[in-house]
Amino acid sequence: MRVGELARRTGVTVRALCYYEAAGLVVPRRLPNGYRDYAPTALRQVEEIRTLTGLGLSVEDTRPFVECLASGHDLGDECPASLAAYRRSIRDLSERIRLLTERRDTLAAHLEASSRRLIPDAPEGNARTGISVSPEVSAPSPVPVPADPAWLPPGLPRPPDDDGAAHLPGGRLPDLVLPATNGRAVGLGALGPGRTVLYVYPLSGRPGTDLPDGWDTIPGARGCTAEACAFRNHYDDLRAVGAARVYGLSSQPREYQRELAERLRLPFAILSDTGLALR
């Protein structure tokens, strides 16, 4: 079998075959005219190299498998040396996974600590920088911090009032039962006595996760986290003027919302309406 035919049948380049030859893996015999002539076994050997390197093994790591085929075995992993190579590769891969996992967890911890520093804790905190300013100290001009999810970029489109909700005042809430972040189920049609504040938002972002493409171009879409912080900061005020309960509501799953409620330290529950039933 000539080198060009072997390259075509195995899907590798002639240069790769020359590399395998130089490494002593797939070695052809030389014809009197200098042409390379590969034995039929070379086809299986090259395919074995391609398969194993696709699994992450180096070309050198495939040597026991190639030699196993050259010795007459039907499969490249029928020899003890091949099994040892499997174990060695798995051990090396496990160690890489361990190191990468440690790096990922460390980065996640840094991200979590950073996001908590950037979220304002109280109304007197600077909502754009997350820095509390003492009244005795002159406050510098606030500098927007794009990493702060409560910061809103300038120039966001304002939602027009199309009177689409004009029919809602005076109506009754539907008999919907929705899961809440506190582990309970809340029935909107049976909230009980007292006034309920229910704010509805489209999507809350997460630190380190990009918002959907074009999100800032949708009127009223941006600012859900800032809105949640505002209801949190004024929660006691709402209760003081007669609100018996406060809820947020969006279409994200409860586990997604629970992360938001814990990160922002919300004193109220968020309801999950994944099926858009309230709409």
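This is a predicted model: local features need pLDDT of at least 70, side-chain atom pairs count only at pLDDT 80 or more; totals for chains, interfaces and linings use all residues.
Visitor: Let's start with helix α6. Which residues of α6 are buried?

Guide: In α6, residues 224–233, the buried ones are C224, T225, A228, C229, F231 and R232. They span an arc of only 165° around the axis, so they sit on the same side of α6. That buried set packs against β5 (195–200), α7 (235–240) and α8 (254–264).

Visitor: Now the sheet. What holds strands together in general?

Guide: Strands of a sheet pair through backbone hydrogen bonds, in either a parallel or an antiparallel way. Here you have an open sheet of three strands, ordered β5-β6-β7, with parallel pairing. β5 and β7 (269–272) are at the edges with a single partner strand each, so one side of each has no neighbour in the sheet. On average, neighbouring strands of this sheet are turned by 30° against each other, ignoring direction.

Visitor: How many bridges link β6 and β7?

Guide: Four, with β6 covering residues 243–250. To find your place, look at G248, which stands opposite I270 in β7.

Visitor: And how many salt bridges does the whole structure have?

Guide: The search finds 13. E259 is partly exposed at 22% relative accessible area, while R263 is buried at 1%.

Visitor: Which residues form a network of salt bridges?

Guide: R2, R29 and D37 are linked that way. Between D37 and R29, the closest N and O atoms are 3.1 Å apart. D37 counts as buried because its relative accessibility is 15%, under the 20% cut-off, whereas R29, at 52%, counts as exposed.

Notes. Residues are numbered from 1 along each chain as its sequence is written. Side-chain values use heavy atoms; hydrogens and water are left out. Buried means under 20% relative accessible area, exposed over 50%, partly exposed in between (1.4 Å probe, protein chains only). Helices (H or I, at least four residues) and strands (E, at least two) are DSSP runs, numbered from the N terminus. The arc is that of the directions from the helix axis to the C-beta atoms. Contact means heavy atoms within 4.5 Å. Two strands pair if DSSP finds at least two bridges between them. Axes are lines fitted to C-alpha atoms, for helices over the stretch in contact, and angles run from 0 to 180 degrees between N-to-C directions. A salt bridge is a side-chain nitrogen of Lys or Arg within 4 Å of a carboxyl oxygen of Asp or Glu.
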